[in-house]
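Thanks for coming. I will take a few minutes on one structure, so please have the display open.

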Amino acid sequence: MKIAMTGASGNMGREALAQTLELPFVEFVRVLLLPKKKNNKLAKKWKRKYKNRIQIVRGSVADTEACKQLAEGVDYVLHMAAVIPPASDASFARSKECNLDGAIALVDAIKAAEVQPKYIHISTVALYGNRNELHPWGRVGDPLLISPFDAYALHKLEGERYALEAGLDCWVVLRQTAMLHPDMMNDNVSDGLMYHTAMNAPLEWTSSRDSGYLIKRIFEREEKNEIPFFWKNIYNIGAGFKGRETGYDTFGDGFAIIGGSAEKFFKPDWFAVRNFHGLWFADGDELEKLFGYQRDGVHEYWKEIARHHKIFALGKCVPKGLIHACLFGRLLKHPNAPMYWLKSKDDARVQAYFGGYEEHEKIPTEWKDVKLMARGDFGDYDEMRNAEIAKERGGLPDHGYDESKPADAWTAEDLKSAAAFRGGESLSETFNGAYEKTRWKCSEGHEFMLTPFTVLRGGHWCPKCAPMPWKFDLLAKKSPFYAQVWYDSHGREENCVYEMNENGSANVTEARE
């Protein structure tokens, strides 16, 4: 088996590479590395350890020639490369180059290969946008309501759609959830990004180790030809019950290793109340049943981080006021922090993340006055995080068609039903197959071509309405599909269009028909 990988230097990538090369039937893994100094050291390390079982291609994932070199002559291409927040927040151009242009270049290289390799595309939970206690659960097919100003989600959505619509012979899309990795603490105390986290945001944490193990298990079962039904589908990479938390208890777990918690280190009005992303996966068991990869629990993993970074324990000896002054108070002034936006009158981001200045003033300043899922204020927390109980109680977003049917049993009526639920129309009188492009019309009158699979199973809709600008306030008024989730955190009276340029400058205007 010959495998190519992008993103092998990242948190998931390092695990996927190491665990894949444990498999004796893997002849080699070819990796794409940016020509950076730190990657030179990494390449030498890999060569010493793996010798001729590792091949290095130098270049950007957006480099057409590098992608051709990577994809030619292999059996599988695994695409993990990504520029994630906060780097994607800091550079719209870097996000676009890797998350969109890179996906396009790689898919095109696979199509151009003499023999097409199978393609594994790692996507993201960020496509689903903001969720809270009203709809904490979701699954593949839910509306893709990428949060305004989230360049990462924007470009990953477009990259995924390109992969789905490319007409590749054999592919699969895996939407990665929030990821725990050994450098979690360091990565989250250098930017204002942590303050984007809504306290009631449902977060399903899988470890980089388990994500790498999932990849290993895919190749193991492929070698035995056990999973032909796995391909040409979309799955959510979940973690199960032991990985489900909210923003509030995530801070509790993370900062416990330095003797703190959300309540000891922060004030509740420092944090955004919406415009984040996170989800508990009602269908996370689909991959688990196939590959049995869910091993790490979030509580145990944080304890492991503490054991490997013993210096963090020194924080327990430092006065909490000093930690705040030197660390968290400093981050409040970071240009990517909500408190900075409030002080600098960044109207667009204040509207997106709070609903406006007046709404921010309504946020309690004391934790005892905040309603939290993790404290049981919306019901038994363990029951809320239990997928089987959630399914029994219902409340999952509707997709607008009979989901009990397999894709090959869909009809033209299913397409019409799904389109109408999105406020639009299916312009086809026949169903020619889930992967055959058909014509649609959205509520704004745009006509476009997408496969029924991308729309019904993938949750995608009009390419002209969603990427930019973000106008879900307008679209939700005409689309029950969007409205059922969008109005969990937005008022029906809101009428905003959010725009952002490539320099990261944000703007908000009133929507007009």
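I will go through surface charge, salt bridges, the nonpolar cores and a few backbone details, in that order.

Keep in mind throughout that this is a predicted model.

Start with the surface. Arg14, Lys36, Lys38, Lys44, Lys45, Arg48, Lys49 and Arg94 gather there in a patch of positive charge. Which helix supplies the largest share of that patch? Helix α2, residues 37–50, does, with five residues. Lysine 36 sits in the loop between β2, residues 28–33, and α2. Its relative accessible area is 38%, so lysine 36 counts as partly exposed.

Next, the salt bridges. In general, side chains of opposite charge can pair when their charged atoms come close. How many salt bridges does the count come to? The count is 31.

The next pair is glutamate 494 with arginine 274, where the closest N and O atoms are 2.9 Å apart. Here the parts tied together are 220 residues apart in sequence, because glutamate 494 is in the loop between α22 (480–486) and β16 (496–500), while arginine 274 is in the loop between α10 and β12. Are these two residues buried or exposed? Glutamate 494 is buried, and arginine 274 is buried as well. The cut-off for that word is a relative accessible area under 20%.

The last pair is aspartate 369 with lysine 368, in a salt bridge of 3.4 Å, N to O. Aspartate 369 has 45% relative accessibility and is therefore partly exposed. Lysine 368 has 67%, so it counts as exposed.

As for the network, Arg131, Arg139, Asp142 and Glu403 are linked by salt bridges.

Now the inside. As a general point, nonpolar side chains in soluble globular proteins tend to be buried together. In this model the largest nonpolar core has 84 residues. Which residues have the most contacts inside that core? They are Tyr119, Trp440, Trp461 and Phe472. There is also a second, separate core, made of 41 residues, and Leu21, Leu42, Leu78 and Leu214 are among them.

Finally, the backbone. The peptide bond from proline 85 to proline 86 is cis, with omega near 10 degrees. You will find proline 86 in the loop between β4 (76–79) and α4 (87–90).

Lysine 51 is not a glycine, yet its phi is positive, about 55 degrees. Lysine 51 is in the loop between α2 and β3 (54–58), and with a relative accessible area of 54% it is exposed. Lysine 232, also a residue other than glycine, has a positive phi near 55 degrees. The place of lysine 232 is the loop between α8 (208–223) and β10 (234–237). At a relative accessible area of 28%, lysine 232 is partly exposed.

That is the end of the tour.

Notes: Residues are numbered from 1 along each chain as its sequence is written. This is a predicted model: local features need pLDDT of at least 70, side-chain atom pairs count only at pLDDT 80 or more; totals for chains, interfaces and linings use all residues. Side-chain values use heavy atoms; hydrogens and water are left out. Patches are made of residues with over 30% relative accessible area and no salt bridge: like charges are joined within 9 Å, nonpolar side chains (Val, Leu, Ile, Met, Phe, Trp, Tyr) within 5 Å. Accessible areas come from the Shrake-Rupley method with a 1.4 Å probe; for residues, only the protein chains shown count as cover. A salt bridge is a side-chain nitrogen of Lys or Arg within 4 Å of a carboxyl oxygen of Asp or Glu. Lys and Arg count as positive and Asp and Glu as negative; His and the chain ends are not counted. The place of a charge is taken as NZ of Lys, CZ of Arg, CG of Asp or CD of Glu. Helices (H or I, at least four residues) and strands (E, at least two) are DSSP runs, numbered from the N terminus. Buried means under 20% relative accessible area, exposed over 50%, partly exposed in between (1.4 Å probe, protein chains only). A nonpolar core is a set of buried Ala, Val, Leu, Ile, Met, Phe, Trp, Tyr and Cys residues joined through side-chain atoms within 4.5 Å.
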